[in-house]
Amino acid sequence: MSEFMMFSLVPLSVAVIISMTCALLGNFLVLRRQSLIGDAISHVALPGIVVSFLLTGVLASSAMMLGAGVSALVTVGMIELIRRLGRVEASAAMGVVFTSLFAFGVLLLEWHGASGVHLDVEHALYGNLESLIWFEGTGPAALLDPVALADLPPQLGRAAWVGLLVVAMLVVLRRHLVLGSFDPEFAASVNARPALVDLLLVTLVAIAAIAAFEAVGSIIVIAMFICPAAAARLMTNRLGRQIAWSQLFAVLSAVLGYLLAGHGPGWLGHDLSVSAAGMIASVAGLILLAACLAGPRRRRTGAAVA
């Protein structure tokens with residue numbers, strides 16, 4: 001028990017919270033056919049985060065969010081410039097800018113060469129869950145010990161606060177989000193402000209992605225914005241049930257992925273472990289594949305086509 005609490009409780013909790021938060025937002029992104037916004041934000045956030053670290057020398061969350069925000073503003077300007085000068089569609093300009101900025105961020109990570117600092121290509125892509133050790137978590141009593149709780153890794157608190165913020169905002173904006181997701185024209189006609197709500201949704205996605213970036217990396221963030229919600233969409237056509245399914249799939253992905261990353265190779269006779277974030281994303285992808293092959297809505301669609 002003490003070993004689990006010290007080495008696994010916090011990273012598993014962070015993975016579950018972030019997975020559920022991203023999946024919750026992902027439901028509305030899937031309905032709006034904007035699933036790749038999480039991918040786009042992860043692309044443009046990376047160079048801003050790296051530059052903020054190089055300038056400040058610390059991985060402070062405020063500096064990271066400021067850097068990512070500046071990077072987003074630069075991205076908007078670059079997209080508009082390419083669209084006007086190159087006379088290309090906005091989607092083409094976005095594709096060029098997103099991939100270029102992400103490549104630039106990866107190059108910066110390779111070039112800065114800081115050893116001993118967990119800001120490199122591996123941790124930026126795959127996350128750093130395994131380093132979230134709770135040294136004071138020596139037993140169940142630590143859960144009630146203020147001194148031990150004060151020693152919890154800060155990533156857990158940030159993930160929890162972001163999760164609560166997302167839940168609160170979605171509860172407040174639920175009616176407007178539903179209207180804008182299913183019928184933007186009707187939402188505009190009843191003064192539900194779909195453009196403003198869409199901007200707030202993208203802002204929440206950006207906050208969730210940036211807050212999760214340090215702990216879990218970009219791969220799991222992108223996967224959790226898409227896979228649980230898309231799989232849930234194949235299970236039902238009711239929004240409430242879809243959200244419930246997505247939360248279940250997110251928890252299963254986080255728990256099974258974390259366990260398989262640590263113990264799966266050992267069960268196969270290999271004395272090693274693999275990236276927890278990568279395995280969580282892989283499990284989420286497998287759940288989506290299973291839903292595509294055997295989900296209730298998939299079966300009905302196939303029968304109708306046949």
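Trainee: Where does Met 169 lie?
Mentor: Met 169 lies in helix 8. Helices here are DSSP runs of H or I with at least four residues, strands are runs of E with at least two, and both are numbered from the N terminus.

Trainee: Is Met 169 buried, exposed or partly exposed?
Mentor: Met 169 counts as partly exposed because its relative accessible area is 26%. Buried means under 20% relative accessible area, exposed means over 50%, and partly exposed is in between (1.4 Å probe, protein chains only).

Trainee: Before I go on, what sort of model is this?
Mentor: This is a predicted model, where local features need pLDDT of at least 70 and side-chain atom pairs count only at pLDDT 80 or more, while totals for chains, interfaces and linings use all residues. Residues are numbered from 1 along each chain as its sequence is written, and side-chain values use heavy atoms, with hydrogens and water left out.

Trainee: Thanks! Back to Met 169: how far is its C-alpha atom from that of Leu 204?
Mentor: Those C-alpha atoms are separated by 8.5 Å, with the two residues 35 apart along the chain.

Trainee: Which residues of helix 8 are buried?
Mentor: They are Gln 155, Leu 156, Ala 159, Val 162, Gly 163, Val 166 and Leu 170. Seen down the helix axis, they fall within an arc of 135 degrees, so they line one face of helix 8. That arc is taken from the directions from the helix axis to the C-beta atoms.

Trainee: What's on the other side of helix 8?
Mentor: Exposed residues: Pro 154, Trp 161, Leu 164, Val 171 and Val 172.

Trainee: Zooming out, how many helices and strands are there?
Mentor: The protein has 14 helices and zero strands. Of its 306 residues, 44% count as buried.

Trainee: Which residues touch the most other members of the largest nonpolar core?
Mentor: Val 14, Leu 25, Leu 129, Leu 170, Val 216, Val 221 and Phe 225 do, in a core of 60 residues. Such a core is a set of buried Ala, Val, Leu, Ile, Met, Phe, Trp, Tyr and Cys residues joined through side-chain atoms within 4.5 Å. Among the helices that each supply at least two residues of this core are helix 2 (9-31), helix 8 and helix 13 (276-294).

Trainee: Where does the largest share of this core come from?
Mentor: Helix 11 gives the largest share, 19 residues. Val 221 is in helix 11 and counts as buried, because its relative accessibility is 0%. From C-alpha to C-alpha, Val 221 is 7.9 Å from Ile 18, though the two are 203 residues apart in sequence.

Trainee: New topic: which residues form the nonpolar patch on the surface?
Mentor: Trp 245, Leu 248, Leu 252, Leu 256, Leu 260 and Trp 267, with about 570 Å² of accessible area together. Areas come from the Shrake-Rupley method with a 1.4 Å probe, and for residues only the protein chains shown count as cover. Patch residues have over 30% relative accessible area and no salt bridge; nonpolar side chains (Val, Leu, Ile, Met, Phe, Trp, Tyr) are joined within 5 Å, like charges within 9 Å. A salt bridge needs a side-chain nitrogen of Lys or Arg within 4 Å of a carboxyl oxygen of Asp or Glu.

Trainee: And where is Leu 256?
Mentor: Leu 256 sits in helix 12 (residues 239-267).
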